[in-house]
Amino acid sequence: MSWGYVSGILILSGINLMTVLGLSLLTGFTGLFSFGHAGFMAIGAYTAATVTMKLNILPQSMFWLHFYIALAAGGLVSMIVSLIIGRLTLNLKGDYFCIATLGFGEAIRLILDNVQYFGGARGLPNIPTQGTTTLTNVIIINVIAITVLVLIIKSRHGRNMVAIREEELATQTIGIDVFKYKLTSLAISAFYAGVAGGLMAHYLGYIQPIMFKMVKSTELTIIVIFGGLGSVSGSVVGTILLTFLPELLRSFSNWRLVLYGAAVILIMITRPQGLMGGKEFSIKGIIRLIEKSRHKGEVKS
Amino acid sequence: MSYFLQQVINGLSLGSVYALMSVGYSLVYSIMNFSNFAHGGVIMIGAYIGYFCLTLLNVPFFIAFIISALGAGLLAVTMEKIVYRPLRKRNAPFLYFIISAMGASIFLENIVIASPIGPTFRSYPAIFSTTPIMLGNIALGRIDLLMFIISALSLIGLMYIIEKTKIGLSIRATSYSIKGSTLMGVNVDKVIFIIFLLGGFLAGLAGMLFGMKYTVYPQIGNITTKSFIAAVFGGLGSLPGAVIGSILLGLIETMTSGYLSSQYRDLLAFALLISVLVFKPTGLMGKTTEDKA
């Protein structure tokens, strides 16, 4: 495996990770399930691509700044859309919210299919890839994203979201504005997805509406579950594993998706809590683990 | 005027096949309260069984219908046993059911692509002549007519089972309350077996009808998204609602492609879904959902 290939997969993992982090807040910490995040990625991708291609006001030497502005614009637009959608649909319960997000994600794709300004179903080609989505940029953005996410989760707001996940009615009874926190969670996750979309557009160099089908949304939700609901480090490990695994299995070509489907069912049946099961990686935890095993050894001797 | 009537007839025949799919989906939803996203996979397998019965085994087409219905029913039941039963025994939240269903649908779609059948589009052998039956100015496609008749007959059959037989009574009871009906001596496992079997039968028929109308390919199951829309439109978990929602969706779709453009057909279907969820989430005839504390 050449370094170019590995770094390519790492960039892909980073792009997936951005969306998965957002979804982790929404699904793992707030308890809402979305099958429409590919739609938010699409909005981010098209916005960011438009900004870099059509709004060249900064000098060429400042291109990196222009790229970051484009990503932020992608995130913001998809956040604004999510606020509108959230206001309309967040009162729905369980399956209904799922189906609403599914319908929304597909609707975005079908709208993009028909907008000639964005090239319709043929998509947008010739998006600049030089000096945009490099591995360094992806790592910088992901580190910022993870830090912000952990800070949110550790804050009062994050704890309120976890409370909604655990017992929505009780949370409402003690005076927490459930709707507001659900909306915040959705908006943040949409922002992350938008930025990820922007990264993806500038990595591939072209975008087409068909890239953002429902299958993509499902794949992202599956990664969150696989990593473990309510665990940021689980999301990180899960994303990297599930992005690398299909690449390693590439020689099996068609059979790898069969294995993937079977693996998803198997995980749901045998280890529903996911890889990390709501726990986090931390240095303290590792030390505790080592001490525990040493302790056991002493008892035996 | 005759153009309008023509569109109505096309809409009715498309809607009736949507009804076959959404009824199976709604049956599962009414009892297990989750969206069975693997329904599309069952439809796809049904379509392939029908195709191979007609091309390799050369059986008469109505026997092919029966075989594909039975095969799809068997598949649905097996899937329930392997995929959903362990989750049900654990009382897993609905999300796990949905994700497993997605996994099952990825599995089924790709096992067909990876197997010797492959991802190619296959068209059914011509069983009927393509010349339509003329009623005045209106052309009745023979396949469209067949779609409508088979769908109507099987829906009437299903309604009979649900309304008049003892197993239908237990299905209705279970859809009100699983706990209550268990206490009354209803075997819930058996009820769930039956609903998956019935849903599978209908899915097999729908798959074969779609295969005859269009072609057979591994992604044909994606058409079930339409049946989810129809089921939500009619009211999730309500069988008459699913039928009415499907017929209306079929009419709306053919009207859109007839008078506007077929490009907007899917867009309008999803717009309909979102507006129903926003303005009347219970649909036309759905049960009111209460927040259970």
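Trainee: How many residues of chain B are in contact with chain A?

Mentor: This is a predicted model, and its scores are ipTM 0.81 and pTM 0.85. Counting on the side of chain A gives 35 residues, and the number of chain B residues in contact with them is 36.

Trainee: Which element gives the largest share of the side of chain B that touches chain A?

Mentor: The elements of chain B that give two or more residues to that side are α3, α4, α9 (224-234) and α11 (263-279). The largest share is 15 residues, and the element that supplies them is α4(B).

Trainee: Are the axes of helices α2 and α4 of chain B roughly parallel or roughly antiparallel?

Mentor: The axes of α2 (residues 39-57) and α4 (residues 94-114), both of chain B, come within 8 Å and cross at roughly 25°. Angles under 35 degrees count as roughly parallel, so the relation of α2(B) to α4(B) is roughly parallel.

Trainee: How many residues of the contact of α2(B) with α4(B) are charged?

Mentor: From α2(B) come B:G40, B:G41, B:M44, B:I45 and B:Y48, which meet B:A104, B:S105, B:L108, B:E109 and B:V112 in α4(B). Six residues of this contact are nonpolar and three are polar, while the number that are charged is one.

Trainee: Which elements of chain B do the buried residues of α11(A) pack against?

Mentor: Helix α11 of chain A covers residues 255-270, and its 16 residues reach 22 Å from the first C-alpha to the last, close to the 22 Å expected. Its buried residues are A:V258, A:G261, A:V264, A:I265, A:I267 and A:M268. Within chain A they pack against α9 (214-227), and in chain B they pack against α3 (61-89) and α4.

Trainee: Is B:R90 buried or exposed?

Mentor: B:R90 lies in the loop between α3 and α4 of chain B, and its C-alpha atom is separated by 41 Å from that of B:M212, 122 residues away along the chain. A residue with 12 or fewer other C-beta atoms within 10 Å counts as exposed; B:R90 has 11, and therefore it is exposed.

Trainee: Which element of chain B has the lowest mean pLDDT?

Mentor: Chain B averages a pLDDT of 86, and 97% of its residues score at least 70. Among its elements the highest mean, 91, belongs to α3(B), whereas the lowest, 78, belongs to residues 133-135, strand β1 of chain B.

How values were computed:
Residues are numbered from 1 along each chain as its sequence is written. Chains are lettered from A and ligands numbered from 1 in the order in which they are written. This is a predicted model: local features need pLDDT of at least 70, side-chain atom pairs count only at pLDDT 80 or more; totals for chains, interfaces and linings use all residues. Axes are lines fitted to C-alpha atoms, for helices over the stretch in contact, and angles run from 0 to 180 degrees between N-to-C directions. Helices (H or I, at least four residues) and strands (E, at least two) are DSSP runs, numbered from the N terminus. Angles under 35 degrees count as roughly parallel, over 145 as roughly antiparallel, 65 to 115 as roughly perpendicular and the rest as oblique. Two residues are in contact if their C-beta atoms, placed from the backbone, lie within 7 Å. Ala, Val, Leu, Ile, Met, Phe, Trp, Tyr, Cys and Pro count as nonpolar, Asp, Glu, Lys and Arg as charged, and the others, Gly among them, as polar. The expected span of a helix is 1.5 Å times one less than its number of residues. A residue is buried if 20 or more other C-beta atoms lie within 10 Å of its own, exposed if 12 or fewer, and partly exposed in between; C-beta atoms are placed from the backbone. pLDDT is the predictor's confidence in each residue, from 0 to 100.
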